[in-house]
Amino acid sequence: CKLKRLTSTISCSTMWIFSLIAIAAALQGCHGFAPLSVGPVGSSIVPHHQNMLHYHDQIPLYSQKQETSSDAKTVATSTTLEPDQLNFMLGYMNKHHDDTLKKFAQALSPLGTEMAKLNVKSRGSFVMESATLQDINTENATLAVLVQRRNKREPTLETVEFSLDANPIPERARRYPSLPPVARGDDPNRLPIDDIVRRLNRLCWIVSDAPVTGKLIQLATQLGGAGIGKVPENMYLNQVPHNRYVRKYFYDTAATAVHDAVILCSQGKISNRMKVIAQFPEMNPSMDSYRIGTILEMVRSICIRLVEENVRVRLCVQGSMGVGIFTGVPKQLNGVNKLMQMMDWQSGEGEENEGMVGDYLNFGEVGKDHVVNEQRNKDGEIIQHQDDIFIIIAPQNMVGTDSSIIPLLEEMVEAAGDRPVILLNPDLTDKVSAAGQQNVRGRQARLDFASSFETVYHFQNLYISGTSYFPILGSMTKLHPHHPWVAHQRRDYTDNSGEIYLPMLSSETKPEGEDVMAALD
């Protein structure tokens, strides 16, 4: 009898335990609730985003789905989010960014017009008490706004809809700036969640809520986006020499960005004038950790990636400049031309890139004389293939007379016509010179020429000042021609188990330094 009573007691206890577990699981799965167990990322880095950073613990990431090609095309061309994505996004925006939603209603909807007219006569005649995001897609957003009018006893709930490409209404144009819409046709494979977030970020800049943009970039990644602006964890860029996998990450991302930029250029979607900025410690010439081998290895990865597409690349380094005994090359480029040709390109007989050097890859200097065009004989046979792409390593001005690289670059770009000209880590700022050659005379023309090169890849670490390179505060990135600019903050885990780069700011154009530092504070 005692044994039966003990068994019965254990069974009842077990049933109660399972019941409690089921209730906890149900609560955990409810909309807006975070998982019960919060890991070190959520607790030590961004505690107010615990529910967002652990979204993958609640439902699978959409990027992990096994899709057929037709499914992928459907996702890429869709204008709506999947139900789980939409529900989570609505819950997140309504819980964390009510003030931003109210600003959207004030700046972009007819309610803002009414508010401006009534409050001009008597301040406080029209008050928006709250705003709730009801629906959103790649075209429009719908808000439910609770409005209190002075002549009404009770507040009223009104629904407004506005375009994600909207600019401020005329009554708010003096307070809020207008910005160009995010380009739609430049990236046909952009996922709906990424498209919506980029358009929301543009609206955040309009209503002066720039810090929200970094959180929305994180949200897109957690909801199965393409990982725009995502930087790997635990790179430890303060450790020099860098680990091999860190270098490989930069080589691969830069090569992919340049490859895709060349394709876009051939389609007429971007300019043929491009630049690549990669200034992590081993590629920052201002630091004593600068390593010429790293920049040459990156160039090799880029060139091989392009040559694999059967295009011919001319790799150039500027030659000696100056007058008389005051001639030479920048210290950063000293010996690079020789090293570049001595590198192991795996181009020998029987090697992986057999025959590449001298046929698909050639070397040169900066100037129109180093632009090779196609030549044919009398029978129309090609006797000399043209260079398809020109890559110039770190072109820069020097101190002294006749030491500006700009004239040589202008000649080379003009001779290249519509063929891509890619500058790697250029420094086209004026230097001290005699006779005002790099000071006043023609300065605006030089600035216009330098700014005509479009950034297709950018990674640069952020520091406290321009002369102090420790610690690393974060990074400024644009990792693909299609991607927006994203500023990250570097943070350490509380248990010293690693580091992470968190998006803090995102914009379609490069953010100003003041905005970046304000976001990092």
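Guide: Let us begin with T477, which is found in strand β14, where strands (E, at least two residues) and helices (H or I, at least four) are DSSP runs numbered from the N terminus. This is a predicted model, in which local features need pLDDT of at least 70 and side-chain atom pairs count only at pLDDT 80 or more, while totals for chains, interfaces and linings use all residues. Residues are numbered from 1 along each chain as its sequence is written, and side-chain values use heavy atoms, with hydrogens and water left out.

T477 has a relative accessibility of 1% and therefore counts as buried, a word that stands for under 20% relative accessible area, with exposed meaning over 50% and partly exposed in between (1.4 Å probe, protein chains only). Leaving aside residues up to four places away in sequence, T477 touches V231, H458, F459, P484, W485, V486 and H488, contact being taken as heavy atoms within 4.5 Å.

Strand β14 (474–478) also belongs to the cover over the buried residues of helix α16, a cover that includes β13 (454–462), β15 (485–492) and β16 (499–507) as well. In α16, which runs over residues 513–520, the buried residues are V516, A519 and L520. Seen down the helix axis, these buried residues of α16 fall within an arc of 100 degrees, so they line one face of the helix; the arc is that of the directions from the helix axis to the C-beta atoms. On the face of α16 turned away from that buried side sit the exposed residues E514 and A518.

Within strand β15, one of the elements in that cover, lies R491. R491 is partly exposed, with a relative accessible area of 22%. The C-alpha atoms of R491 and I472 are separated by 9.5 Å, with the two residues 19 residues apart along the chain.

For a view of how two helices can be described beside each other, turn to helix α9 (residues 192–206) and helix α10 (residues 212–222), which pack at an angle of about 175 degrees with their axes 9 Å apart. Axes here are lines fitted to C-alpha atoms, for helices over the stretch in contact, and angles run from 0 to 180 degrees between N-to-C directions. That angle makes α9 roughly antiparallel to α10, since angles over 145 degrees count as roughly antiparallel, under 35 as roughly parallel, 65 to 115 as roughly perpendicular and the rest as oblique.
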